[in-house]
Structure formats: structure tokens, C-alpha cells
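Please look over the sequence and the model below.

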Amino acid sequence: MSARRLDGRPDAGALSPLGLPRPLAVRANPDGEPCEVQRPARRGAAAASLAIERIEETWRVVDEWWRETPLRRTYYRVTLAGGASLTLFHDDTQPRGEGWYEQRY
């Protein structure tokens with residue numbers, strides 16, 4: 001068990017997970033593929049809506065089928081307007097229009 005301070009944050013030197021997915025607002029086309037992402041405002045940067053110029057790669061992960069909530073995701077490696085790359089996924093156990101995440105590395 002990792003040590004936590006009274007405010008709920010981990011103590012200095014405590015282990016914390018890296019690369020956890022972040023919820024992301026995504027607009028998808030009629031085929032369900034992402035066509036625009038809306039990044040929330042963060043540390044001095046305003047919120048931004050960015051078009052997806054190109055889907056570079058798509059893959060599916062289906063795992064833990066024996067659990068009550070299996071893992072079913074469709075991943076997309078995309079190029080955004082302006083040239084930045086992003087990996088995002090849709091949690092396929094969620095309804096269309098919901099369940100989009102940015103996968104950080």
C-alpha cells in the first residue's frame with residue numbers, strides 16, 4: 001500500500017502510475033471514426049478544437065473477456081491539424097459519442 005498525505009496525494013517518493021488514459025471529447029464521423037478532438041484548457045493553454053487530418057493506424061484490443069466488464073478498445077494513431085500526433089481510443093463497452101480517451105505514453 002502506498003503512503004498518502006491527508007489531502008489524498010501520494011507522499012514524495014511514492015509510486016504512481018504513468019501514462020493513464022485521460023478522457024477526451026471527440027467528434028466522430030458516421031462510421032464511428034474520430035474526425036475532431038476537443039482538448040480541455042490546461043496550465044496556461046486555452047481549450048482547443050482540432051481537426052484530425054489523417055488516421056495513421058487503427059487497432060483493436062479485446063482482452064479479459066471473462067470479467068464482468070471486459071476490455072474492448074479501438075485505438076487510433078492520428079495526425080492533428082498542425083502536425084501533432086495523438087493516440088486515442090474508444091472504449092467499445094461505452095455508447096457511441098461517449099468513452100473516448102487520450103492514451104499518453
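The report starts with the overall fold, then turns to the core and the salt bridges.

## Fold and surface

This is a predicted model. The protein has seven strands and zero helices. Read from the N terminus, the order of elements is β-β-β-β-β-β-β.

The chain has 105 residues, and 23% of them count as buried. The accessible surface comes to about 7600 Å². Carbon and sulfur atoms hold 51% of that surface. Among contacts with a separation of 6 or more, 32% join residues 24 or more positions apart.

## Nonpolar core

Nonpolar side chains tend to be buried together in soluble globular proteins. Here the largest nonpolar core has 10 residues. Leu-24, Val-26, Val-37 and Ile-52 belong to this core, as do Tyr-76, Val-78 and Leu-80. Leu-86, Leu-88 and Trp-100 complete the set. Strand S5 (71-80) and strand S6 (85-91) each supply at least two residues of the core. S5 gives the most, with three residues.

## Salt bridges

Side chains of opposite charge can pair when their charged atoms come close. The count of salt bridges in the protein is four. Three of them are described here, including the pair of Glu-36 and Arg-27.

Is Glu-36 buried or exposed? Glu-36 counts as buried because its relative accessible area is 18%, and the cut-off for buried is under 20%. Its partner in the salt bridge is Arg-27, at 3.6 Å from N to O. Arg-27 is partly exposed, at 44% relative accessibility.

Glu-56 and Arg-54 form another salt bridge, with the closest N and O atoms 2.5 Å apart. Glu-56 is partly exposed at 44% relative accessible area. Arg-54 is partly exposed at 45%. Glu-64 pairs with Arg-67, and here the closest N and O atoms lie 2.9 Å apart. Glu-64 has a relative accessible area of 28% and counts as partly exposed. Arg-67 is partly exposed as well, at 46%.

Key. Residues are numbered from 1 along each chain as its sequence is written. This is a predicted model: local features need pLDDT of at least 70, side-chain atom pairs count only at pLDDT 80 or more; totals for chains, interfaces and linings use all residues. Side-chain values use heavy atoms; hydrogens and water are left out. Helices (H or I, at least four residues) and strands (E, at least two) are DSSP runs, numbered from the N terminus. Buried means under 20% relative accessible area, exposed over 50%, partly exposed in between (1.4 Å probe, protein chains only). Contact means heavy atoms within 4.5 Å. Accessible areas come from the Shrake-Rupley method with a 1.4 Å probe; for residues, only the protein chains shown count as cover. A nonpolar core is a set of buried Ala, Val, Leu, Ile, Met, Phe, Trp, Tyr and Cys residues joined through side-chain atoms within 4.5 Å. A salt bridge is a side-chain nitrogen of Lys or Arg within 4 Å of a carboxyl oxygen of Asp or Glu.
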